Amino acid sequence: MDLGTASTTPPTSRAPDDTSGEAPAVGDVPEAAAPAGDPVTAPTAPPKRSLARRMMAIAALWIGVLLLAGGFALDRTLVRLVEDNFDEQLEYVQTALIASAEIDMDGEVRLYRSLGDQRFLEPNSGVYWQITGQGHEPFPSRSLWDRSLQVQGDHIDNDPHFYDSNQFRSEPLRIVERTVILPDSDTRWTFTVASARGELDFQIARIRSILFWSFAVLGIGLMAMAMLQSWYGLSPLRRVRAAIQSMRSEGANRIEEPLPLEVEPLVEEINALLAHTEQQAEEARTHAGNLAHALKTPLTVLTNAATAQDPKLADLVCRETKTMQRHVEHHLARARAVGRRASGHSRAEVWPSAESVLRAVTRIYERTRFDLDGNRAAVVSIERQDLDEILGNLIENAAKYGGGSVFVTIDAERDAKDCVIWIEDDGMGIPEGERTRIFDRGARLDTGKPGTGLGLAIVRDVAEIYGGTVALDTSEDLGGLLVKLTLPRSAQ
């Protein structure tokens, strides 16, 4: 029995060739693409991106934002504390001034005791006080000498009112005012205490200088730490690069160096890619060797027949070239399947593929009854062209060697992890001892029918490329051969 026939998959349509005219020769450039006299600018290479630079930029931005925000908040807090302390001293002097004031017999304000700060007695000492009332002459401290304080008399301050003033040239002042009505008087007296801001401004400038240099040193230290962290944190990637370089120069095929947990997934993917590449290279070598071995025998037969001037040379050439053609098609099919599997996006619906194959096979075997049943929504992870080739070989074999009935069941075991397709016939079947050998290239059990014995070999090879399997058994319903094709389900 021969279970290896050519696939009857309908040919794939191709786009028509462009017949609009002769294609330009390689290197020809249309005149409109490069006008005469215009300089041809070479494409600029994209700038190299550095992970370390990106980490440093993020760290610098974050450190700068935090330092600016923290420095501003700390500056405002410390300056406010110094100013509040300065204002408390002015308010303390003002309270003592109010407590020492009284009205004399003439209705003028006087102090019945002097303030304890001797600077109020020294001319232009930088601390001053003044009592002002409407309709009365201002009563100033001796430190004002021939000057007087300009009070804001357009409102009444029942509570201490602090403000800055530049009424004295080259001597900015901090002033506190308060309006009080003294006993035995109906006049609203304004008690004003002023102090030069020189000492206050000096303290604020000193605080800001300390803050600036402290935050500058802190920022430099943080940037140095970030640079060290980036250098040390990225060292595993440098070790990975060194390992890859050693693989290229020393012939290593794996990265075996222990690395941190964060880098291990990358190393595992690299090792998996290397293993996949080795597998593809080994498959390519195997294909080349198998093809050479398969073509060696037909070429030897043709060479011997030509040397011996065999009168049946023409028949030998036709027969052996067909055999070589089938071997070439087999290995090309396997190579195409390997290439399409590498894309990682294989997906095919089983029901439309089976219907298409059945329509083609029905035209050849018109007296055979075909039944198709099962899950119409089954989708497998395989290219449609390869699925058509697999089903075409299996269904045509069932029709050729069956007794007139072929059953195809899609997703026969719906609870299984993979999609299982059954192809059954009512023929003689295959003995259990021959079910493994029949998958070998060129193996045939029935030599009375035309064929090359490559059909099942192609089915097995293509299915295994996609992670599937092919198994043979006895059909319980029809009594003939049962082919169990298992293909991975598509996750899309």
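Q: What does Ile-395 touch, leaving aside residues up to four places away in sequence?
A: With those excluded, Ile-395 touches Val-357, Leu-358, Val-361, Phe-370, Val-408 and Ile-423, where contact means heavy atoms within 4.5 Å. This is a predicted model, in which local features need pLDDT of at least 70 and side-chain atom pairs pLDDT 80 or more, while totals for chains, interfaces and linings use all residues. Numbering runs from 1 along each chain as its sequence is written, and side-chain values use heavy atoms, without hydrogens or water.

Q: OK, and which residues have the most contacts inside the largest nonpolar core?
A: Ile-395, Ile-423 and Leu-485 do, in a core of 41 residues (buried, under 20% relative accessible area with a 1.4 Å probe and protein chains only; Ala, Val, Leu, Ile, Met, Phe, Trp, Tyr and Cys joined through side-chain atoms within 4.5 Å).

Q: Which element gives the largest share of this core?
A: Helix α7 does, with 7 residues; α6, α7, β11, β12, α8, β13 and β14 each give two or more (DSSP runs, helices H or I of at least four residues, strands E of at least two, numbered from the N terminus).

Q: Switching to the sheet, what is the strand order?
A: The open sheet of 5 strands runs β9-β11-β12-β14-β13 with mixed pairing (at least two DSSP bridges between two strands). Strands β9 and β13 are at the edges with a single partner strand each, so one side of each has no neighbour in the sheet.

Q: How many bridges join β13 and β14?
A: They pair in the antiparallel sense over 6 bridges, and Val-470 stands opposite Leu-485 of β14.

Q: Which strands does α6 touch as it packs on the sheet?
A: Helix α6 touches β9, β11 and β12.

Notes: Buried < 20%, exposed > 50% of the residue type's maximum accessible area, 1.4 Å probe, protein only. Axes fitted to C-alpha atoms, helices over the stretch in contact; angles between N-to-C directions.
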